[in-house]
Amino acid sequence: PAPAAGDAAVAAEDADDFYDAESDDDEAAADVEQVRVVLPKAIPSSASILAEVQTVRAKFQPDGKSSLPMTDAIGKCRDQMASVAPPFFAFTRMLSEDQRRAAWTLHGVCEKFANVTQLSELQEARQLLRRTFSDNLGATSTNDVWGALRTTLGRYALVRRPFDDYADGVAARPGKGVAFETLDDMLTFAYRSAGVVGLIVLPVLAEEGALDPEVVEGAVALGIALQLTDMLNCVGHHFRLHGTCWIPRDSLRKHGIDYAELESNLQQKSTSLVGDARWQALMKELLSIVRPFVRSAAVGGDKLPRGGRLAVSAATRMCRRMLSRIEARRYNSLGPHEEMFSWRIVGDVAGAVLGSSPSDKDSGGRVVWGEGGL
């Protein structure tokens with residue numbers, strides 16, 4: 001839908017946002033300190049991921065990979081994704097037939113974990129995941145999401161580790177109040193909730209020859225960038241919706257903001273932080289951490305085959321567009337939020353098809369893919 005009347009000023013300001021997001025990013029990058037982001041130890045190394053790919057390939061594709069058939073189980077996953085995640089389903093249209101079927105399946109598996117309501121359900125899903133990656137998948141499971149996943153393993157060397165990490169994230173979902181004590185906690189959450197998705201779909205988007213450390217790093221970075229951008233875009237909205245505050249307690253202390261004051265602003269009982277230098281400095285600092293992830297995602301995405309490359313380019317454009325919008329509203333994410341997945345996504349996809357943005361790779365700092373992580 002078109003933006004509401006109250007959004008008219010924002011819509012007018014970024015009417016050409018579809019195609020010049022890269023120039024917006026260049027201007028913003030001039031004011032962004034070149035941040036060096038060291039990853040938490042919870043993030044696996046690229047070497048371990050690449051080794052697991054080889055193990056899975058030897059186990060499930062001993063005679064070489066085969067085409068991915070359209071089974072009833074995969075069809076159910078397709079219908080579910082089209083229903084609950086239309087923007088991501090739209091992205092799959094840029095992929096080959098086998099890649100689309102695999103993406104539907106992987107989304108279905110993630111939904112199995114995301115929708116659990118009890119610990120026993122999570123444990124059951126973990127057991128079924130282990131069985132799927134072993135030799136013990138029973139015949140009773142062939143027509144559900146686990147059967148679809150097992151079928152997909154015959155075509156793509158999927159990695160189990162990110163599924164396990166995603167399950168860890170589900171088990172540790174933040175409750176009400178301040179979600180994180182430290183920035184490390186925030187990055188770990190972003191990895192377990194979204195960075196894992198990059199690793200999950202990586203064997204699908206990347207042909208065998210394209211799998212290297214930079215591609216693995218870019219896959220993780222893209223998910224983390226999307227998650228962080230969404231959280232920082234919707235600080236107030238998510239608090240009012242779920243009661244969860246995404247700003248780490250360490251960041252509040254560093255910038256002299258009491259949680260009671262922030263909570264009052266998030267509840268829209270006060271506007272003391274709107275335009276406040278402390279809040280702007282805090283948000284600028286957190287946003288500066290996102291740009292290196294966008295850069296790493298773009299570097300890795302450039303090495304993917306065309307379908308995956310376009311999908312990654314559209315996603316990084318969306319991130320840069322939202323980062324520019326947050327900056328344009330003077331870092332005010334306390335009040336009404338601005339949709340990431342809106343009609344403007346059409347422009348992100350179009351821009352990805354028309355060309356890439358060098359600013360993705362040339363500005364905004366870097367992520368340290370070292371001992372602490374990838």
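Which residue lies over the face of Trp104? Arg78 does, at 5.9 Å from the ring centre. A charge sits over a ring if NZ of Lys or CZ of Arg is within 6 Å of the ring centre and within 35 degrees of the ring normal.

This is a predicted model, where local features need pLDDT of at least 70 and side-chain atom pairs count only at pLDDT 80 or more, while totals for chains, interfaces and linings use all residues. Residues are numbered from 1 along each chain as its sequence is written, and side-chain values use heavy atoms, with hydrogens and water left out.

Start with the whole chain. It has 18 helices and four strands. Both are DSSP runs numbered from the N terminus: helices are H or I with at least four residues, strands are E with at least two. Buried residues make up 56% of the 374 residues. Buried means under 20% relative accessible area, exposed means over 50%, and partly exposed lies in between (1.4 Å probe, protein chains only). The chain exposes about 15,900 Å², and carbon and sulfur atoms supply 51% of that area. Accessible areas come from the Shrake-Rupley method with a 1.4 Å probe; for residues, only the protein chains shown count as cover. Contact means heavy atoms within 4.5 Å. Among contacts between residues at least 6 apart in sequence, 80% join residues at least 24 apart.

Now go inside. In soluble globular proteins, nonpolar side chains tend to be buried together. A nonpolar core is a set of buried Ala, Val, Leu, Ile, Met, Phe, Trp, Tyr and Cys residues joined through side-chain atoms within 4.5 Å. The largest one here has 99 residues. Phe113, Ile247, Leu262, Trp279 and Phe293 touch the most other members. Helix H11 (residues 213–233) gives the most to this core, with twelve residues. A second, separate core has five residues, including Phe91, Met94, Leu310 and Ala314.

Aromatic rings come next. Rings of Phe, Tyr and Trp (its six-membered ring) pair if their centres lie within 6.5 Å; planes under 30 degrees apart count as stacked, over 60 as edge-to-face and the rest as tilted. The count comes to seven aromatic pairs. Phe133 and Phe163 form a tilted pair, because their ring centres are 6.3 Å apart and their planes stand at 55°. Phe133 lies in the loop between helix H7 (119–132) and helix H8 (145–153), and Phe163 lies in helix H9 (residues 161–171), so the pair ties together parts that are 30 residues apart in sequence. Both Phe133 and Phe163 are buried. Elsewhere, ring pairs link Phe113, Trp146 and Tyr166 into a cluster.

Helix H9 deserves a look of its own. Eight of its eleven residues are buried, so H9 is largely enclosed by the rest of the structure. The buried residues are Pro162, Phe163, Asp164, Asp165, Tyr166, Ala167, Gly169 and Val170. What covers them includes helix H6 (97–114), H7, H8 and H10.

Arg192 belongs to helix H10 (residues 183–205). At 25% relative accessibility, Arg192 counts as partly exposed. Leaving aside its neighbours within four places in sequence, Arg192 is in contact with Ala42, Asp165, Tyr166, Asp168 and Gly169. The C-alpha atoms of Arg192 and Asp165 are separated by 5.6 Å, yet these residues are 27 apart along the chain.

Charged pairs complete the tour. Side chains of opposite charge can pair when their charged atoms come close. A salt bridge is a side-chain nitrogen of Lys or Arg within 4 Å of a carboxyl oxygen of Asp or Glu. The count comes to 15 salt bridges. One of them joins Asp164 and Arg160 (3.0 Å, N to O). Asp164 is buried at 16% relative accessibility, whereas Arg160 is partly exposed at 26%.

Another salt bridge joins Glu327 and Arg291 at 2.7 Å, N to O. This pair links distant parts of the chain: Glu327 is in helix H16 (residues 306–328) and Arg291 in helix H15 (residues 277–301), 36 residues apart. Arg291 is buried, with a relative accessible area of 5%. Asp250 and Arg253 are three residues apart in helix H13 (residues 249–254), so about one helical turn separates them. Asp250 is partly exposed at 34% relative accessibility, and Arg253 is exposed at 51%.
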